[in-house]
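Look at the structure first, then read on.

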Amino acid sequence: MSDETELSREERTKIMQMCDEHTAQIVCDGESAETRVRLANLHLRLGEREEAIMSLQIALNQRPGTEAILAKLRHICTEEEFAKLELPEKIEPFWHDMSGLFRYPLGGSGVYLLVGGTIFVTVLQYIIGLPTFFFYATAVVAIFLAGYMSSYFISIMKSSASGRKTPPDWPDITGIIGNIAHSLFSVSFPMFVSFFPVAVYAVFVIFFQAPLFVLFILIGFGLLYYPMALIASAITGAPLNSANFIGIINSIRKVRKEYLIAELILAFFVAVSVVAYIMVEITTRAMAGAFIAGFAVQFVNLYFMMIFAHILGLLYR
């Protein structure tokens, strides 16, 4: 049941050094199923079965249902040991159920959350738009609204990452006042980091006739970088993590297939949301008043915002 072989002192020392290097890599770069499997193989060569089994279990938590890891565990463990292991269920890629993404905002008490949230946002937007409203009061309401929506966006991401399949409740207003600034910064700072190079280079394009194609490359990089930067900022609660370019790029590289598919799905939902926004804006303003039109538009905006946050949470998971 073990891959242990007789090792010389030099070989054992070298393998122990490699174990230390792999452990340091995990500490620096985060958990990785591939690194854990390599570490398990090293433990086996040292005859450390329990450590190898533990590393393979952690790897399986990173990649649930991976047959190669399961086969390795079956090889190491006895049938009784394998039966006692607490193995995670295989997680199907979220893009296998596209209709489920559309249904997510409506799951559980989602309809009530959508309608109630839409009324709340529409009223605040209406207040902000009043021409006679005091300027500073308008700014306060606008900042509160942006921070509150950012807080709910992050709440959806975290709940989806933890495996919840229905939208969480709206944050308690009385308990979120002190958290609004942090939530807003957690969402906006990653965007600043992602597109600041675009803004800087745009100045060179306008005033110094710099090559335009470079601007499009920077925009593409920003669009690629922003979702992972947002995950790093919002899920961990540390917005400055989004400025860790090497860490973000490494995270994208580790899940590049899933990440690129998620980017395409996000682009699809953005396109659908824009079309829906335009259709609702045109039809409701033609058929109803400005307030009803605003309500319908905010409903569409909130519906797709919940889907975007859900996708990012699933990607982190």
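Helix 11 (residues 212–234) packs against helix 12 (residues 245–254) at an angle of about 95°, and their axes are 10 Å apart. That angle makes helix 11 roughly perpendicular to helix 12. From helix 11, the residues Phe221, Leu224, Tyr225, Met228, Ala229 and Ala232 take part, and they meet Phe245, Ile248, Ile249, Ser251 and Ile252 of helix 12. Sorted by class, the residues of this contact are ten nonpolar, one polar and no charged. The model is predicted, not taken from an experiment.

### The chain as a whole

How many helices and strands does the protein chain have? There are 14 helices and zero strands. Written in order along the sequence, the pattern is therefore a run of α elements, α-α-α-α-α-α-α-α-α-α-α-α-α-α. The protein chain has 317 residues, and 39% of them count as buried. Among contacts between residues at least 6 apart in sequence, 69% join residues at least 24 apart.

Two packed helices are described by the angle between their axes and the distance between the axes.

| Pair | Angle | Axis distance |
|---|---|---|
| Helix 2 (residues 33–45) and helix 3 | roughly 165° | within 8 Å |
| Helix 3 (residues 49–62) and helix 4 (residues 67–76) | about 160° | 10 Å |

How do helix 2 and helix 3 run relative to each other, roughly parallel or roughly antiparallel? Angles over 145 degrees count as roughly antiparallel, and helix 2 and helix 3 are therefore roughly antiparallel to each other. The crossing of helix 2 with helix 3 is left-handed. On the helix 2 side, the contact is made by Ala33, Arg36, Val37, Leu39, Ala40, His43 and Leu44, and on the helix 3 side by Glu51, Ala52, Ser55, Leu56, Ile58, Ala59 and Gln62. Nine residues of this contact of helix 2 with helix 3 are nonpolar, three are polar and two are charged.

Helix 3 and helix 4 are likewise roughly antiparallel to each other, and this follows from their angle. Their crossing is left-handed. Helix 3 contributes Arg49, Ala52, Ile53, Leu56, Ala59 and Leu60 to the contact, while helix 4 contributes Ile69, Leu70, Lys72, Leu73 and Ile76. By class, the contact of helix 3 with helix 4 holds nine nonpolar, no polar and two charged residues. Ala52, Leu56 and Ala59 of helix 3 are listed in the contact with helix 2 and also in the contact with helix 4.

### Buried residues

Thr35 lies in helix 2. Is Thr35 buried or exposed? Thr35 has a relative accessible area of 3%, so Thr35 is buried, since the cut-off for buried is under 20%. Apart from neighbours within four places in sequence, Thr35 is in contact with His22, Gln25 and Ile26.

Ser150 belongs to helix 8 (residues 135–161). With 8% relative accessibility, Ser150 counts as buried too. Which residues does Ser150 touch, leaving aside its neighbours within four places in sequence? Ser150 is in contact with Ser183, Leu184 and Val187.

The disulfide count for the model is zero.

### Exposed residues

Phe216 is part of helix 11. Is Phe216 buried or exposed? Its relative accessible area is 54%, so Phe216 is exposed, the cut-off being over 50%. Phe216 and Val198 are 18 residues apart in sequence, and their C-alpha atoms are 8.5 Å apart in space.

Where is Gln209 found? Gln209 sits in the loop between helix 10 (180–208) and helix 11. With a relative accessible area of 63%, Gln209 is exposed. The phi angle of Gln209 is near 50°, which is a positive value in a residue other than glycine.

Definitions and conventions
Residues numbered from 1 in each chain as written. Predicted model: local features only at pLDDT ≥ 70, side-chain atom pairs only at ≥ 80, totals over all residues. Heavy atoms only, no water. Axes fitted to C-alpha atoms, helices over the stretch in contact; angles between N-to-C directions. Helix = DSSP H or I, 4+ residues; strand = E, 2+ residues; numbered from the N terminus. Parallel < 35°, antiparallel > 145°, perpendicular 65-115°, else oblique. Left-handed = near helix turned anticlockwise from the far one by under 90°. Contact = heavy atoms within 4.5 Å. Nonpolar A, V, L, I, M, F, W, Y, C, P; charged D, E, K, R; others polar. Disulfide = S-S within 2.5 Å. Buried < 20%, exposed > 50% of the residue type's maximum accessible area, 1.4 Å probe, protein only.
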